[in-house]
Amino acid sequence: MGEHPSPGPAVAACAEAERIEELEPEAEERPPAEDHWKVLFDQFDPGNTGFISTGKLRSLLDSHSSKLDPHKREVLLALADSHASGQICYQDFVNLMSNKRSNSFRQAILQGNRRLCSKALLEEKGLNLSQRLIRHVAYETLPREIDRKWYYDSYTCCPPPWFMITVTLLEVAFFLYNGVSLGQFVLQVTHPRYLKNSLVYHPQLRAQAWRYLTYIFMHAGIEHLGLNVVLQLLVGVPLEMVHGAARIGLVYVAGVVAGSLAVSVADMTAPVVGSSGGVYALVSAHLANIVMNWSGMKCQFKLLRMAVALICMSMEFGRAVWLRFHPSAYPPCPHPSFVAHLGGVAVGITLGVVVLRNYEQRLQDQSLWWIFVAMYTVFVLFAVFWNIFAYTLLDLKLPPPP
């Protein structure tokens, strides 16, 4: 608040202005990026103070109400009424008009004295199939009506949720390839050549760093792959549609890496396969977000669906525990570990919850974000040193390399 404008945000804002409503009359030649916003701002700031009153912002929004999405107009008016100082600076003005929501944006909305008076998004009629899908995703993932409306108006499906779809397709492709080459699709992990694959994490080959990540493309069998794929698509894709590939990809990959590192520390003789670390990170973050915002989440049958999700996760975890302690088909190497599931859950209820609770907010402004990032970094460093020194110091007998 009150900072002098910098050209960077204004340039970025104008790039996005192509798809939001034009607030100035059409002209033969579009003004430069900075001038586009500055000219409009200066109309209400003739003294060049760098501030305009919230009353003038209301006048601006009222005069251009026909060119603004009604939901965005409600949010902007609510923000204008919530400023205790009675003024809005140029940078805030740019952020508002370009959909850039600062960390204080939501707080200003929630603390504002103006209540949104229009009907809820769920009550709107006459929506086409794609609009109903976007609305459904909004109610599945976001706990506040103000966020749901903002997402509904802003979502353009560009880019699409490519990360989760790409990862899922790669996992299915690798599974089918292994199934054909091994001649086995159920419990592939019991095949004697299964662990020879260069993607599997194996304790004897832990110095090959890529294995801490690539093990997600190998699954114990079709029963293992099936549940992971279903959860990735039903939970991961909607979350990516709302929060973006960067954030959801970060939570997913952090869960994957934490899973393999957790196995290397807590189950040192076992290999690891499957994407359960990343899947459990996303699902546990989503479930925790629902519980923490129970009254605000308006998804249908949420209690029943939570129960079904927990049952499915418990069955998959139970299968992994059973397989781990089942007599191995290739002694002395045990079957894959289940500890990766727990590593994913730990990431989900820490980093994942912070990401999901801060829709379109700057994570670097959240103190909890930095606390959990520091905790994750400490764990990774500890696990790296553990892998370097502990196996030798403990004189652990590892299974032979595949």
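In this briefing, Ala, Val, Leu, Ile, Met, Phe, Trp, Tyr, Cys and Pro count as nonpolar, Asp, Glu, Lys and Arg as charged, and the others, Gly among them, as polar. With that in hand, welcome to a predicted model. Its pLDDT averages 80, and 74% of the residues score at least 70.

**How confident is the prediction?**

- Residues 1-34 have a pLDDT that stays under 50, and the model gives this stretch 58 contacts beyond four places in sequence.
- Residues 107-117 also fall below 50, with 18 contacts in the model beyond near neighbours in sequence.

**The second largest cavity**

- The model has two cavities of 30 Å³ or more.
- The second largest cavity holds about 60 Å³ of space.
- Look for its lining at A220, H224, V273, R319, A320, L323, P336, S337 and H341.
- Sorted by class, that lining has five nonpolar residues, three polar ones and one charged one.
- Helix 14, which runs over residues 302-325, supplies the largest share of the lining, with three residues.

**Positions marked as active site**

- The unreviewed UniProt entry gives the annotation "active site" to S276 and H341.
- These two are spread over 66 residues of sequence, yet they cluster in space, with a largest C-alpha distance of 5.6 Å.
- Of the pair, H341 is included in the lining of the second largest cavity.
- You can find S276 in helix 13.

**The second largest pocket**

- About 480 Å³ of space lies in the second largest pocket.
- Its lining has 23 residues, and the closest to the pocket centre are E140, L234, V235, H286 and R305.
- Helix 11 gives the most, with seven residues.
- By class, the pocket lining has 17 nonpolar, three polar and three charged residues.

**Salt bridges**

- Side chains of opposite charge can pair when their charged atoms come close.
- Six salt bridges are found in this structure.
- One of them joins R305 to E140, whose closest N and O atoms are 2.3 Å apart.
- This pair links distant parts of the chain, since R305 sits in helix 14 and E140 in helix 7, 165 residues apart.

**Transmembrane regions in the record**

- As "transmembrane region", the unreviewed UniProt entry lists residues 248-266, 272-291, 303-325, 337-356 and 368-394.
- Residues 248-266 are 100% helix and 0% strand in the model, with end C-alpha atoms 26 Å apart.
- Residues 368-394 are 96% helix and 0% strand, and here the end C-alpha atoms lie 36 Å apart.

- The loop between helix 8 (145-154) and helix 9 (162-182) contains P159.
- A cis peptide bond joins C158 to P159, with omega at about 0 degrees.
- C157 lies in the loop between helix 8 and helix 9 too.
- The phi angle of C157 is near 60 degrees, which is a positive value in a residue other than glycine.

How values were computed. Residues numbered from 1 in each chain as written. Heavy atoms only, no water. 1 Å grid on protein atoms, 1.4 Å probe; cavity = no way out; pocket = protein on both sides within 12 Å on 5 of 7 lines; lining within 4 Å. Points joined across faces, edges and corners; volume = space filled by probe spheres on them. Helix = DSSP H or I, 4+ residues; strand = E, 2+ residues; numbered from the N terminus. UniProt positions renumbered as here; feature names shortened; annotations may be inferred. pLDDT = per-residue confidence, 0-100. Contact = heavy atoms within 4.5 Å. Salt bridge = Lys/Arg side-chain N within 4 Å of Asp/Glu carboxyl O.
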